[in-house]
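Hi everyone, thanks for coming. Let me put the structure up, and then we'll walk through its inside and its surface.

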Amino acid sequence: MTSRKKIYEHLLHGGDILSASKATGIPIEDWIDLSTGISPYAYPCQRIPEQAFSNLPYIDQHFKTHATRYYGSEQFAALPGTQAAIQLLPSLLDTLPILLPSLGYQEHRQAWEMSGNQLNYYTAFDAEAAVQDIDLALTKEPQHLLIINPNNPSTLCFSPQQLITWSQRLAKGAYLIVDEAFIDTSPEQSLVPFLSDLVLENIIILRSFGKFFGLAGIRLGFVFAAKKILSLIEEILPLWVINGPALYLASKAFSDHAWQAEHHKKLANSERVTRYLFSDLDCELCLHQPLFSSYILSKELALTIFKLLYNKGVLIRLITIDQKKSILRIGRVKSEDVKTITLLRAALNDCMNTQTPHS
């Protein structure tokens, strides 16, 4: 019998300046990286105490308290990035079909497909159509439901009330999984605080620390769920799974309300400047979120612009929608970084003067 197990290609992600440098010969330090949705403003990490490196990194009450106050719930497990949770969940939950967005963070789809779950889809670009798709799908068969809130890269976002309504309609054994990797820029939209007020046993929420705080390299994420799910996750995780510097920095960042308020202002300016720089893109639809913008273009034009910028040392994300359309997803440049803005403006001017006319 032929094995049904597929051999999967390595999925492409943003931030791979090393590969771009090798492919083009452009030195790493000369690249402008707009290929991720990570904040360009990193939380200060220059003064990490020696004990954070020398002591074994136990997750103590100090860390738990600050995380609980920031997120609004104490029902969590900490992991080395939410990517770990994405890969774990299919093996922890019942093997049911799963309803996914037609376009979203690709690791979700691959993890569930590799576990043998049937994949069903709802539209990722139109909120009203998505609600109709999901409502109809939930009447057909028991299945898990995955919501990326807001969606990366389509920016589609649902209210906590809508998510709770769907969780209450799921069949026994089915779970609502909500990926809130980009919700920190609009924390009022988070479903996490509701877990403390309601008995929502079939909801699992993923939160990323690194994107909003600009510290993706420390690898820290959270799963918020009922105790049953958290216990299963913690049984699998090894000892000292979160490193000492990550525990120290996160505890400090969670309680630094002055920095957070200033950070929101900086991100708003960063979004304004970056959107202005790319305002001449001949796109069919422009979708914006504080940490990234998605420009929908014809597949041919998107590839042309991507290559032109790539060869000039500007890295953005090229995401295929279908045979006719693609997305150029663009992160943020620091609004006060005059040197980078000048270089980026020059590269974009050259690109716009040489790109293939939109048909």
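First, a term: on a 1 Å grid over the protein atoms alone, a cavity is a set of points where a 1.4 Å probe fits but cannot get out, and lining residues have an atom within 4 Å of a point. Before I use it, please note that this is a predicted model, where local features need pLDDT of at least 70, side-chain atom pairs count only at pLDDT 80 or more, and totals for chains, interfaces and linings use all residues. Residues are numbered from 1 along each chain as its sequence is written, and side-chain values use heavy atoms, with hydrogens and water left out.

So, which residues line the largest cavity? They are P101, Y122, A124, I147, I148, N151, S154, L156 and F158. By class, 7 of the lining residues are nonpolar, 2 are polar and none is charged; here Ala, Val, Leu, Ile, Met, Phe, Trp, Tyr, Cys and Pro count as nonpolar, Asp, Glu, Lys and Arg as charged, and the others, Gly among them, as polar. The largest cavity holds about 30 Å³ of space, a volume being the space filled by probe spheres set on the grid points, which are joined across faces, edges and corners.

Now to the outside. Q168 sits in helix α7, residues 160-169 (helices are DSSP runs of H or I, at least four residues, numbered from the N terminus). Is Q168 buried or exposed? Exposed, because its relative accessibility is 61%, and exposed means over 50% (1.4 Å probe, protein chains only). From Q168 to E201 is 33 residues in sequence and 9.9 Å in space, C-alpha to C-alpha.

L56 also counts as exposed, at 52% relative accessibility, and its place is the loop between α2 (51-54) and α3 (61-71).

Definitions and conventions: Helices (H or I, at least four residues) and strands (E, at least two) are DSSP runs, numbered from the N terminus. Buried means under 20% relative accessible area, exposed over 50%, partly exposed in between (1.4 Å probe, protein chains only). On a 1 Å grid over the protein atoms alone, a cavity is a set of points where a 1.4 Å probe fits but cannot get out, and a pocket is an open set with protein on both sides within 12 Å along at least five of seven lines; lining residues have an atom within 4 Å of a point.
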